[in-house]
Structures are given as C-alpha cells and as structure tokens.
Amino acid sequence: MLKIGLLFIVWFGVWLPILVPLAWHSRWYPSRPLTPSRKLALVGSLYLLFPWVLWGLRQVGGVHFSYHGSWITVADLPSLSLGIAIGIFTVTILVSVQRIAGWISWRLTWTVSEGVGQFLLALLLGIWIGGTEEFIFRGLVQQELQQQGSVWLAASITSAIFALLHLIWQPCQTIPQLPGLWLMGMVLTLACVVTEGSLNLAWGLHGGWVCALIWLDSSGARQPTGAVPPWVTGLGEHPLAGVLGLLLLLVVGAVLWLWTLPGFNLSG
C-alpha cells in the first residue's frame with residue numbers, strides 16, 4: 001500500500017503543474033461540469049505522464065512494481081476484440097431497452113459519415129483509456145496487492161481505489177456512480193481471472209464501454225423522457241448511477257462466471 005500510495009502521490013504531484021494552467025485556461029474547477037473535450041485534455045495529460053512516472057520511480061527511486069502487462073501481440077487480438085464487441089453490444093442493448101420502453105428519446109443529428117467518423121475516434125479513445133486504466137489498476141495495483149492477500153480482497157481494494165479516483169473530475173456527479181464504478185472494477189477483475197491473468201479481455205470490455213459512452217455523450221442523441229425516475233436510467237444520464245447500469249454489469253459478470261465452469265473456455 002505504501003508503494004501504491006507513493007506512485008499516486010508522485011504521479012499527481014508531477015501532473016499538478018500541468019493541471020493548473022489547463023484548468024485555468026478552460027475555466028474548470030472540480031465542482032463545475034466538464035465538457036467532453038475539456039475532460040479529454042485533462043485525462044490525456046494525466047495518462048500520458050504515467051509511463052514516465054513509472055520509469056522515474058524505478059530508475060531514480062529504485063521502486064519496483066510487480067505488474068502484469070506486455071505489448072499486445074497477434075495472439076492477443078481475439079480476446080481484445082471480443083471484449084470490445086461485448087462492451088459496445090451491452091451498452092447498445094442498454095440504450096435499446098430504454099428507447100423501446102419509452103424512457104429515453106432518440107434524435108441523432110449526425111450524417112452517416114459523421115457518425116462513423118465520431119465512432120472511430122471514440123473507439124481509439126476507448127482503447128487508449130481502457131488500456132491505460134487496466135494496466136494501472138488490474139495490471140499493477142491488483143498484482144501488488146495480490147502478493148499480500150487473496151485475489152478478491154485485492155480486487156475489492158483496487159476497485160475502491162479505481163472508483164474513488166474518479167472523484168477528481170466531478171465529485172458531485174461522481175458520488176452516485178461510486179457503487180457502479182466499484183462493481184465495474186470487480187467485473188473487470190473477473191475478466192482477468194477468466195482469461196488466466198491476461199488483461200486483454202478486461203481491456204477490451206473497458207475500452208468498448210468507454211467507446212460507446214463517449215460516442216453517446218458526444219452525439220447528444222439520447223434524452224430522458226421523464227417516464228421513470230432518474231435513478232432507474234442513471235442520475236445525470238450516467239448509466240453507472242442507475243439501476244439498469246448496475247444490472248448490466250451484474251449480467252456481464254454472470255456471463256463471465258459461467259465461462260469459468262467446466263466446458264467453457266473464453267480464453268481459448
């Protein structure tokens with residue numbers, strides 16, 4: 001825990017001189033809502049620093065981490081692609097159910113070419129953000145904590161850290177999402193367990209979810225109709241802050257658990 005704490009303190013300490021001018025330029029502070037472009041600038045600057053911080057701690061401070069992760073190979077692509085497909089498909093199902101039930105309205109103003117272009121951009125961002133977060137949390141923090149306890153105790157702590165760190169961006173909007181973010185972390189850990197420690201399926205799932213949500217948020221196509229309380233579809237239009245989003249994660253977790261039973265093999 002001391003090593004993990006040191007990692008995050010150094011990481012955010014190095015990021016602070018970059019954050020201040022970016023926040024000043026965009027007139028952002030934690031209690032103010034973030035537009036997608038502003039959040040991308042802040043998240044991007046933070047994540048681009050991480051490899052250098054990890055390298056610096058090792059080379060300068062002599063701090064080594066037992067992390068799992070490697071350059072992706074051709075053999076890894078099926079699991080990664082499957083995860084992306086499942087992530088995008090499950091969000092599509094979630095939105096479709098709400099649309100059919102009349103809980104949201106749908107009005108897409110993009111042309112087909114604009115929609116495809118925005119989707120490809122969202123896909124690239126999803127793969128990058130999902131891959132970075134999986135390497136940090138399931139591949140580094142999780143592996144460190146597993147050395148001192150069970151997989152699921154480590155997963156619970158890792159998922160709590162993963163959820164709480166999201167408070168940096170928009171605390172008021174994020175607090176209702178904390179249970180969903182924690183559950184998301186546990187499901188992603190299960191994806192790693194199913195594939196015998198590989199990050200690829202979890203990376204794909206995470207990337208697929210991020211891709212779909214970025215695309216939906218940037219399109220502005222879905223609007224709540226008020227037919228059900230916001231806590232059903234998601235407070236503040238955040239799926240992880242709603243009953244349906246939590247149910248979706250539970251369903252994905254149940255499907256992953258089924259693949260751990262004899263006769264099923266997701267990694268093969």
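Visitor: Which residues do ring pairs link into a cluster here?
Guide: They join F8, W11, F12, W15, Y47, F50, W128, F135, F137, F162 and W169. Rings of Phe, Tyr and Trp (its six-membered ring) pair if their centres lie within 6.5 Å; planes under 30 degrees apart are stacked, over 60 edge-to-face, the rest tilted. Mind you, this is a predicted model: local features need pLDDT of at least 70, side-chain atom pairs need 80 or more, and totals for chains, interfaces and linings use all residues. Residues are numbered from 1 along each chain as its sequence is written, and side-chain values use heavy atoms, leaving out hydrogens and water.

Visitor: OK, and what does W11 touch?
Guide: Skipping neighbours within four places in sequence, W11 contacts L46, Y47, L49, F50, V53 and I136. Contact means heavy atoms within 4.5 Å.

Visitor: What about F162, what lies over its face?
Guide: That's R138, 4.9 Å from the ring centre. A charge sits over a ring if NZ of Lys or CZ of Arg is within 6 Å of the centre and within 35 degrees of the ring normal.

Visitor: Switching topic: is S159 buried or exposed?
Guide: Buried, with a relative accessible area of 0%. Buried means under 20%, exposed over 50%, partly exposed in between (1.4 Å probe, protein chains only).

Visitor: And which residues does S159 touch?
Guide: Not counting residues up to four places away in sequence, S159 touches R138, W182, G185 and M186.

Visitor: How many aromatic pairs are there in the whole structure?
Guide: The search finds 12. One of them is W110 with W215, edge-to-face at 5.4 Å centre to centre and 75° between the planes.
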